[in-house]
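User: I would like to go through the labels given to this structure and see what each one rests on. Please set the values against the cut-offs.

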Amino acid sequence: MPFTGDYDGSIVAVLERLRDIAGVEGLALLDLSDTEQPVLFALGPGGHATVTHGRDLLLADPIRPSHTLAADGRAILACPWMLPPDRPGGLALWRAAGARRWEDGDHSLAATVAMLLHVLLCSGLGQVGIDRLTGVPNRRWFLDEADRHIERLDGDGAVGTLSLIEIDNLTRLAVSLGRTHVDRVLVRLASYLRTMVRPGDVVARIAVDEFALWQTGMDHLTAAERAESLCLQPMFQELPDGHRASLSIGIASRPIGSGEDVRTLLRRAQLAVRDLKAIGGGGWRVSHLPAKPRCSQPKE
């Protein structure tokens, strides 16, 4: 698992140092109030299955530390906490397969580490709503802001469109070229998105390789034209050794009176991206709402 989260340089340094001192294979900071993407930060091998075990431990016992042994042999320990205002979450630590298992005696030390990280998070990291690498808003800020725009749509009789922009094969680039080049790709894309949006649009980095764009008053046809232009931009030509980065863009429009919130639109856009990547990625796809059945005419 490559690093995931907002790429906040200070928290990354803390987590890397903590991983080395504790002698663990990886760790993750979780916010369980976000059921779709609970990982605030994650570092080290292990993958989503390991983080899922940590999340399940936190859900099973949200008060005390607990540990388990995963099917792949990784020993996982979870320490719960509560982020303001009332967001449950915690710290998950795991050791490599075959390493010493966690014991009850490890709970107090792990809880102390979790408390220190909790204080660090609550002191402001990730709460200001800005992704520290790219300078654009982060996922939490985007969800709140886009929903505020959506609340006004029906009263104004307007449509709105959410575009999800995913960088194809970013993990492979990270393995081949290193994080420095990946950071340049992310910063370049964020900079271009800032130049192409209108004053009332909302752009944010919502995951490691994903940006989201909310556009009030724009239908899917105009959004598709913007997506086509974005895909054709030569933004990533400076990558070394012939490496290339492309974009897959999912587009979900909200018709007047549809009742969809931003999370529903985001899921639709994610499905469009998934379908696009299933045929090779690179390009854009519009997610259309299923057609409503016609009302049958009463028989005379």
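Analyst: A salt bridge is a side-chain nitrogen of Lys or Arg within 4 Å of a carboxyl oxygen of Asp or Glu. In this predicted model, E25, D72 and R74 are linked in a network of such bridges. A search of the whole structure finds 14 salt bridges.

User: What makes R140 and D31 a salt bridge?

Analyst: The closest N and O atoms of R140 and D31 are 2.2 Å apart, and the cut-off is within 4 Å, so the pair counts as a salt bridge. The pair links distant parts of the chain: R140 is in helix α4 (residues 139-156) and D31 is in strand β1 (residues 26-31), 109 residues apart.

User: Why is D31 called buried?

Analyst: Buried means under 20% relative accessible area. D31 has 1% relative accessibility and therefore counts as buried.

User: Which parts of the chain does the bridge between R254 and D154 tie together?

Analyst: R254 forms a salt bridge with D154, with the closest N and O atoms 3.2 Å apart. R254 lies in strand β9 (residues 247-254) and D154 in helix α4, so the bridge ties together parts that are 100 residues apart in sequence.

User: Is R254 buried or exposed, and how do you know?

Analyst: R254 has a relative accessible area of 4%. The limit for buried is under 20%, so R254 is buried. D154, at 37%, is partly exposed.

User: What is the distance between the closest N and O atoms of D20 and R19?

Analyst: The closest N and O atoms of D20 and R19 are 4.0 Å apart, and the pair forms a salt bridge. D20 has a relative accessible area of 52%; exposed means over 50%, so D20 is exposed. R19, at 22%, is partly exposed.

User: Why does A110 count as buried, and which residues does A110 touch?

Analyst: A110 has 4% relative accessibility, and the limit is under 20%, so A110 counts as buried. The place of A110 is in helix α3. Not counting residues up to four places away in sequence, A110 touches L77, C79 and L93. A110 and L93 are 17 residues apart in sequence and 8.5 Å apart in space, C-alpha to C-alpha.

User: What makes M115, L116 and V119 a nonpolar patch?

Analyst: Patch residues need over 30% relative accessible area and no salt bridge, and nonpolar side chains are joined within 5 Å. M115, L116 and V119 form such a patch on the surface, with about 310 Å² of accessible area together. M115 is found in helix α3 (residues 107-122).

User: How do you know that R95 lies over the face of W102?

Analyst: R95 is at 3.7 Å from the ring centre of W102. The distance limit is within 6 Å, with a further limit of 35 degrees from the ring normal. R95 is placed over the face of W102. For ring pairs, the centres must lie within 6.5 Å, and the count comes to 0 aromatic pairs.

User: What do the totals for the protein chain come to?

Analyst: The protein chain has 8 helices and 10 strands. Of its 300 residues, 46% count as buried. The accessible surface comes to about 15000 Å², of which 54% belongs to carbon and sulfur atoms. Among contacts between residues at least 6 apart in sequence, 67% join residues at least 24 apart.

Methods:
Residues numbered from 1 in each chain as written. Predicted model: local features only at pLDDT ≥ 70, side-chain atom pairs only at ≥ 80, totals over all residues. Heavy atoms only, no water. Patch = residues over 30% accessible without salt bridge, like charges linked within 9 Å, V, L, I, M, F, W, Y side chains within 5 Å. Areas by Shrake-Rupley, 256 points an atom, 1.4 Å probe, with all protein chains shown as cover. Helix = DSSP H or I, 4+ residues; strand = E, 2+ residues; numbered from the N terminus. Phe/Tyr/Trp six-rings, centres within 6.5 Å; stacked < 30°, edge-to-face > 60°. Buried < 20%, exposed > 50% of the residue type's maximum accessible area, 1.4 Å probe, protein only. Contact = heavy atoms within 4.5 Å.
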